[in-house]
Amino acid sequence: MQPLPNMRFAPDLLTSQVALVTGGGTGMGRATAIEMARCGADVVVLGRRAEPIEDCAKIIRELGRKAVAISTDIRLPDQIDSAMLRIKDEFGRLDILVNNAGGQFVTPARELNNKGFETVIRNNLIGSWQMTKAVADHFMLEHGGSIVFVTACVRSGLSGFVHTAAARGGVLAMMKTLAFEWAEFGIRLNCVAPGTIKTEGMDHYPIDPEQWLKLNRNVMGHMGDVGDISAAIIFLSSSLGKFVTGEEWYIDGGETLHLAHDARQMIDAVKFSRREPAVLKK
Ligand SMILES: CCCCCCCCCCC/C=C/C(=O)SCCNC(=O)CCNC(=O)[C@H](O)C(C)(C)COP(=O)(O)OP(=O)(O)OC[C@H]1O[C@@H](n2cnc3c(N)ncnc32)[C@H](O)[C@@H]1OP(=O)(O)O
Ligand SMILES: NC(=O)C1=CN([C@@H]2O[C@H](COP(=O)(O)OP(=O)(O)OC[C@H]3O[C@@H](n4cnc5c(N)ncnc54)[C@H](OP(=O)(O)O)[C@@H]3O)[C@@H](O)[C@H]2O)C=CC1
């Protein structure tokens, strides 16, 4: 489990709000669920495995907030419907949805079969759509709310992850479309795209830190932590972000600054050529 960051927001920022965090038992979802509770929200923690979501809900209850853990697969509409009914019973409303659940596997596109592609689209695009539509139908079209999608930095593709690049690009287009259509219902929608963040989910990827430093051109030279992402999600979900909708935020330590070009060698070359005459005079 990642250590939780220090409290950064006012303790009443989310008072009287009910939040649902998918994939809330681990990693960024867990950090967001707990931080939201520290800001006064009651929280629904959703995921497939019972143990991590129950653990997270227990921590939230110890903070004095109400929390329920609901074991649900976001790919299965019947399970989502049952989750909505349970939330209606327990809380009567839902103000915030964080579509954080997701995952994929690394593979070259040439070795990926159709079933593998579809698996990742279902988990990351269709699952997020199903959650979003259910929450809108059951709650937010009536009283408004905020929806944040946790995606990935795919604006220039993501080699080794063609399936998730397609899924997350689809989520972005879906989010922007809904931000337009649902503004009149008081629903704001935004995306947060993490760079490489230290979570237990990253254990699925065999990355040794030296190799990561070499291949990932994040200009800060280290991975992000779960608090970097939960802070952005909470800003967008709360009244602090009340004028922000249809946006995508890259929280990536500058990883994608290099997409234009990497000028570091050019700068070094300029410095070198300026120094050169002095060196030659010697
Ligand atoms: C070295 C430095 C480089 C830096 C790069 C760093 C990494 C960049 C990170 C990119 C950004 C994203 C990061 C994260 O998301 S981190 C954490 C998120 N958590 C995960 O990703 C979880 C890991 N993945 C999974 O749990 C599962 O893979 C998944 C949920 C995606 C699918 O599970 P599911 O149970 O639904 O599916 P199945 O296992 O039944 O498989 C169905 C079919 O899918 C294909 N498949 C599945 N796994 C693989 C695999 N490992 N390789 C190839 N194909 C796979 C396959 O077709 C399966 O069908 P069959 O079983 O019949 O073959
Ligand atoms: N860590 C990183 O560097 C990056 C992560 N991301 C994305 O951020 C999000 C959070 O990742 P992170 O915290 O790192 O990883 P985790 O693996 O810790 O979190 C993913 C969570 O999603 C849940 N989940 C997965 N599939 C489903 C499903 N079908 N239904 C319900 N819950 C599901 C998992 O729980 P369970 O298995 O119990 O269902 C798990 O709690 C993911 O979407 C990830 O792909 C994007 C870019 C970079």
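## Close-up views of a predicted model

**View 1. Helix 5, end to end.** Helix 5 runs for 21 residues and reaches 30 Å from its first C-alpha to its last, close to the 30 Å you'd expect at 1.5 Å a residue. Keep in mind that this is a predicted model.

**View 2. Helix 5 alongside helix 4.** Here helix 4 (residues 114-143) packs with helix 5 (residues 162-182) at an angle of about 20°, and the two axes lie 7 Å apart. That angle makes helix 4 roughly parallel to helix 5, since angles under 35 degrees count as roughly parallel. The crossing of this pair is right-handed. On the helix 4 side, the residues taking part include Gly116, Phe117, Val120, Asn124, Trp129 and Leu141. Across from them, helix 5 brings in residues including Val162, His163, Ala166, Gly170, Met174 and Trp182.

**View 3. Helix 3 meets helix 4.** Now look at helix 4 with another partner, helix 3 (residues 77-90): the axes come within 10 Å and cross at roughly 35°. This crossing is right-handed. Helix 3 contributes Pro77, Ile80, Asp81, Met84, Leu85, Ile87 and Lys88, which meet Gln130, Met131, Ala134, Val135, His138 and Phe139 in helix 4.

**View 4. Helix 2 and its two sides.** Which residues of helix 2 are buried? They are Pro52, Ile53, Cys56, Ala57 and Ile60. Looking down the axis of helix 2, these buried residues fall within an arc of 130°, so they line one face of the helix. That buried set packs against helix 1 (27-38), strand 2 (42-47) and strand 3 (67-71). Turn to the face pointing away from the buried side and you'll find the exposed residues Glu51 and Glu62. Just after helix 2 comes glycine 64, with a positive phi of about 95°.

**View 5. Helix 1 next to helix 2.** This pair packs at an angle of about 20°, with the axes of helix 1 and helix 2 9 Å apart. Helix 1 and helix 2 are therefore roughly parallel to each other, and helix 1 passes helix 2 in a right-handed crossing. The contacts have Arg30, Ala33, Ile34 and Ala37 in helix 1 meeting Cys56, Ile59 and Ile60 in helix 2.

View 6. Serine 237 sits in helix 7 (residues 226-237). Is serine 237 buried or exposed? It counts as buried, because its relative accessibility is 4% and the cut-off for buried is under 20%. Setting aside neighbours within four places in sequence, serine 237 is in contact with Met36, Ile96, Ser146, Val148 and Arg188.

**View 7. Stepping back to the whole chain.** The chain has eight helices and seven strands. Of its 282 residues, 49% are buried. Among contacts between residues at least 6 apart in sequence, 77% join residues at least 24 apart.

Technical notes:
Residues are numbered from 1 along each chain as its sequence is written. Chains are lettered from A and ligands numbered from 1 in the order in which they are written. This is a predicted model: local features need pLDDT of at least 70, side-chain atom pairs count only at pLDDT 80 or more; totals for chains, interfaces and linings use all residues. Side-chain values use heavy atoms; hydrogens and water are left out. Buried means under 20% relative accessible area, exposed over 50%, partly exposed in between (1.4 Å probe, protein chains only). Helices (H or I, at least four residues) and strands (E, at least two) are DSSP runs, numbered from the N terminus. The arc is that of the directions from the helix axis to the C-beta atoms. Contact means heavy atoms within 4.5 Å. Axes are lines fitted to C-alpha atoms, for helices over the stretch in contact, and angles run from 0 to 180 degrees between N-to-C directions. Angles under 35 degrees count as roughly parallel, over 145 as roughly antiparallel, 65 to 115 as roughly perpendicular and the rest as oblique. A crossing is left-handed if the near helix is turned anticlockwise from the far one by less than a right angle, and right-handed if clockwise. The expected span of a helix is 1.5 Å times one less than its number of residues.
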